[in-house]
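Okay, thanks for coming, everyone. Let me put the structure up, and then I'll walk you through a few spots in it.

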Amino acid sequence: MDIPAIMASGPVIPVIEIESEDDAIPLARALLAGGVKVLEITLRTPAALGAIKRISKSVKEAVVGAGTVLTAEDVRRALDAGAQFAISPGLTIDIAEACADGGLPLLPGAVTATELMLGRKHGFRNFKFFPAASSGGAAAVKAFAGPFADLKFCPTGGINPDNAGSYLSLPNVPCVGGSWLAPKDLVASKDWDAITDLALKTQSLRA
């Protein structure tokens, strides 16, 4: 899947910080049962790459990617683990080139007009707007529609079920990113049914 298809697959991309590889497969299946097939595993924990590898091998219906990609080496490790896309909080030429070389779709982060112009210059039309809540929120994303009518955004950072609708109602926002779909307490207690319920509830968020 390319980035536009990934962003169009559902209203919320879960931002998953996973502590144990053993939780990867049941968590992925719980989210899938709730209609969420695109999964972002952030490279913030030692278990992240192993979790990506397990999901990519055993949960074929899921589209699993690596988040918090900060370097070209992160890109290479994500590819080796079986990641199908990458998400970075910003954009560097090294990351862009590594993703292009490996055929890995990239959703880069941007929060200013200058960053968007630079990303656009390098061929990107889809961006992670991060950190969303502290960078102007939905009003800022709405304002970008004027000068950047051809760009689409996945706002992430401070997004929750109460404010997600304000972003998803915008024509330039196909989806948002949120960590509330895989809360650490539910994962730790292995309450997969509760996670499925959270995933099901996101399906009604799109305005």
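This is a predicted model: local features need pLDDT of at least 70, side-chain atom pairs count only at pLDDT 80 or more; totals for chains, interfaces and linings use all residues.

So, Arg 44: it's partly exposed, with a relative accessible area of 47%. Now, who does Arg 44 pair with? Its salt-bridge partner is Glu 17, and the closest N and O atoms are 3.5 Å apart. Glu 17 is partly exposed as well, at 27% relative accessibility. Look at where the two come from: Glu 17 is in the loop between E1 and H2, while Arg 44 is in the loop between E2 and H3. They are 27 residues apart, so to speak a link between distant parts of the chain.

There's a second pair like that. Arg 54 and Asp 22 meet through their side chains in a salt bridge, 2.9 Å from N to O. This one also ties together distant parts of the chain, with Arg 54 in helix H3, Asp 22 in the loop between E1 and H2, and 32 residues separating them. At 32% relative accessibility Arg 54 is partly exposed, whereas Asp 22 is exposed, at 54%.

How many salt bridges does the structure hold? The count is 11.

While we're on H3, let's look at what it hides. The helix runs over residues 48–58, and its buried residues are Ala 48, Gly 50, Ala 51, Ile 52, Ile 55 and Ser 56. Their cover includes H2, strand E2 (38–42), strand E3 (63–67) and H4.

H4 has a residue I'd like to stop at. Asp 74 is found in this helix, which spans residues 72–81. Is Asp 74 buried or exposed? It counts as buried, because its relative accessibility is 8%, and the cut-off for buried is under 20%. What does its side chain do in there? It makes a polar contact with the side chain of Arg 77, at 2.7 Å. Leaving aside residues up to four places away in sequence, Asp 74 touches Leu 43, Thr 68 and Val 69.

Now jump to the other end of the numbering, to helix H10, residues 192–202. Here Trp 192, Ile 195, Thr 196, Ala 199 and Thr 202 are buried. If you look down the axis of H10, those buried residues fall within an arc of 115°, so they line one face of the helix. Here's the background for that: an α-helix has 3.6 residues a turn, so residues three or four places apart point the same way. And what does the buried face pack against? That would be strand E1 (12–16), helix H2 (24–33) and helix H9 (184–188).

Lys 201 has a relative accessible area of 52%. It forms a salt bridge with Asp 197, where the closest N and O atoms are 3.3 Å apart. Asp 197 itself is partly exposed, with a relative accessible area of 35%. Salt bridges can also share partners, and that joins Glu 17, Glu 19, Arg 44 and Lys 184 into one network.

On to the cysteines. Searching the whole structure turns up 0 disulfides. Cys 154 is in none, and the nearest cysteine sulfur to its own, that of Cys 175, is 3.6 Å away.

Last, let's zoom out. The chain has 10 helices and 9 strands. Its radius of gyration is 16 Å, close to the 17 Å from the globule rule for 207 residues, so the chain is as compact as a globular protein of that length. The C-alpha trace spans about 45 × 40 × 25 Å along its principal axes. Of the 207 residues, 50% count as buried. And among contacts with a separation of 6 or more, 59% come from residues 24 or more positions apart.

That's my tour. Happy to go back to any of these spots.

Notes: Residues are numbered from 1 along each chain as its sequence is written. Side-chain values use heavy atoms; hydrogens and water are left out. Helices (H or I, at least four residues) and strands (E, at least two) are DSSP runs, numbered from the N terminus. Buried means under 20% relative accessible area, exposed over 50%, partly exposed in between (1.4 Å probe, protein chains only). A polar contact is a pair of N or O atoms within 3.5 Å; within protein, one must be able to donate a hydrogen and the other to accept it, and residues adjacent in sequence count only if both atoms are side-chain atoms. Contact means heavy atoms within 4.5 Å. The arc is that of the directions from the helix axis to the C-beta atoms. A disulfide is a pair of cysteine sulfur atoms within 2.5 Å. A salt bridge is a side-chain nitrogen of Lys or Arg within 4 Å of a carboxyl oxygen of Asp or Glu. The radius of gyration is taken over C-alpha atoms; the globule rule is 2.2 Å times the number of residues to the power 0.38.
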